[in-house]
Amino acid sequence: MSFKVNYEKMDQIFNELKKDYKVYAPVRLKGQGRYSDTDVIRYKEIDSVSEIVYDEKSDFSPKEVIHPITQTLFYFTEHQFRESEVDDKELLIFARPCDINGFKRMDKIFLENGDFSDKYYKRMRDKVNFALMECQEGGWDSCFCVSMGSNETDDYSLGFRFNEDNLKIEVKDNDFLNFFENESEIDFSPEFVEENNTKVNIPEIDSEEILQQVYDLDMWEEYNDRCESCGACTASCVTCSCFTTRDVTYTENGKAGERRRNWASCLHEDFTEMAGGHSFRETPAERMRFRTLHKIYDYKERFGEDHMCVGCGRCTDACNELISFSSTINKLSEAVQNLKA
């Protein structure tokens, strides 16, 4: 069932929703961008539909709502520990189709590891309900979701189209129907992007021999001069899941404190550094090669279906050196074709 609701009425519905749900959406944070007097669009808990930035792509993904940048796992003393707690409320997250598909990739990594399923991710993920946000026609310049097959999804409870003075809303989940019981029903279903301006060709790496040759390609060397290893690309990515853990102690003897996990990045220079100082990927070229193959080869080899990258293009938008990930994929695809020629 679908409904047309004005903004004032939607805020009233929000007030009712917030009794049982924490609502997150992309919002504009004035003056908090990377450069002086610039803004950033990232996910925050909201109170009003007017806070939602629906006509621009967010700089960061909704991933941080359930996989925070810094997260306390448990508290400890010398003789015992206690796990951190989470709010009892359900989560309603406004998200694009690519981001919803990105969560499915994250689910594979965190939840489908047999006995090693991540309880801290799961306890948040189980609370998530998605409010789908339509994208503008064609997406944005750096988007290539159609090439990655992530431009559509049916995994949402509510579907939104934002108009100037009203919202059209599809209600797929019956749990939300009572919030719209006094609204007039209309005929509406969200539309999905069918073609992007940016397109990529995924390389067919179909043998160990080709994979080894890909490792040795000269194309990777250019990233020694271009990539700063800052990790901005991975911080903005909805499917990057790497983290490190550390203990924060409250006492001088270190016997009371908390264990936290923090986002980490395969692009960081010290990411693979071991005791004694040895590192498995010492150069930006090696780290860029790893990230690229992880997104468009390794993940699919492991799980046997979609590629890890969903084509949101945020990594391209975030890069200080203007490295385009879509161009990197296409360059690799052309190189693989030449290897097979």
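**Close-up 1. T239 sits in a loop of this predicted model.** Helices and strands here are DSSP runs, numbered from the N terminus. Is T239 buried or exposed? Its relative accessibility is 0%, so T239 counts as buried; the cut-off for buried is under 20%. What does T239 touch, once neighbours within four places in sequence are left aside? Its contacts are G102, R105, M106, I109, K295, M308 and V310.

**Close-up 2. Helix α3 runs from residue 97 to residue 111.** The helix has 15 residues. From its first C-alpha to its last, α3 reaches 21 Å. That is close to the 21 Å expected at 1.5 Å a residue. Helix α3 is mostly covered, with 13 of its 15 residues buried.

**Close-up 3. F176 occupies the loop between β9 (166-171) and β10 (185-186).** F176 counts as buried because its relative accessibility is 0%. Which residues are in contact with F176, apart from neighbours within four places in sequence? They are L17, Y21, L92, N129, S157, L158 and V171. Take S157 from that list. In sequence, F176 and S157 are 19 residues apart. In space, their C-alpha atoms are 7.7 Å apart.

**Close-up 4. Helix α11 has buried residues that pack against other helices.** First, its length. The 16 residues of α11 should span 22 Å at 1.5 Å a residue. Its end C-alpha atoms are 23 Å apart, which agrees. Which residues of α11 are buried? They are F325, S326, T328, I329, L332, S333, A335 and V336. An α-helix has 3.6 residues a turn, so residues three or four places apart point the same way. The buried residues of α11 pack against α6, α7 (223-226), α9 (284-303) and α10 (314-318).

**Close-up 5. Helices α6 (residues 208-215) and α11 (residues 325-340) cross.** Their axes come within 11 Å. The crossing angle is roughly 125°. The crossing of α6 and α11 is right-handed. On the α6 side, the contact is made by I210, Q213 and V214. On the α11 side, L332, V336, L339 and K340 take part. By type, the residues of this contact are five nonpolar, one polar and one charged.

Notes. Residues numbered from 1 in each chain as written. Predicted model: local features only at pLDDT ≥ 70, side-chain atom pairs only at ≥ 80, totals over all residues. Heavy atoms only, no water. Helix = DSSP H or I, 4+ residues; strand = E, 2+ residues; numbered from the N terminus. Expected span 1.5 Å × (residues − 1). Buried < 20%, exposed > 50% of the residue type's maximum accessible area, 1.4 Å probe, protein only. Contact = heavy atoms within 4.5 Å. Axes fitted to C-alpha atoms, helices over the stretch in contact; angles between N-to-C directions. Left-handed = near helix turned anticlockwise from the far one by under 90°. Nonpolar A, V, L, I, M, F, W, Y, C, P; charged D, E, K, R; others polar.
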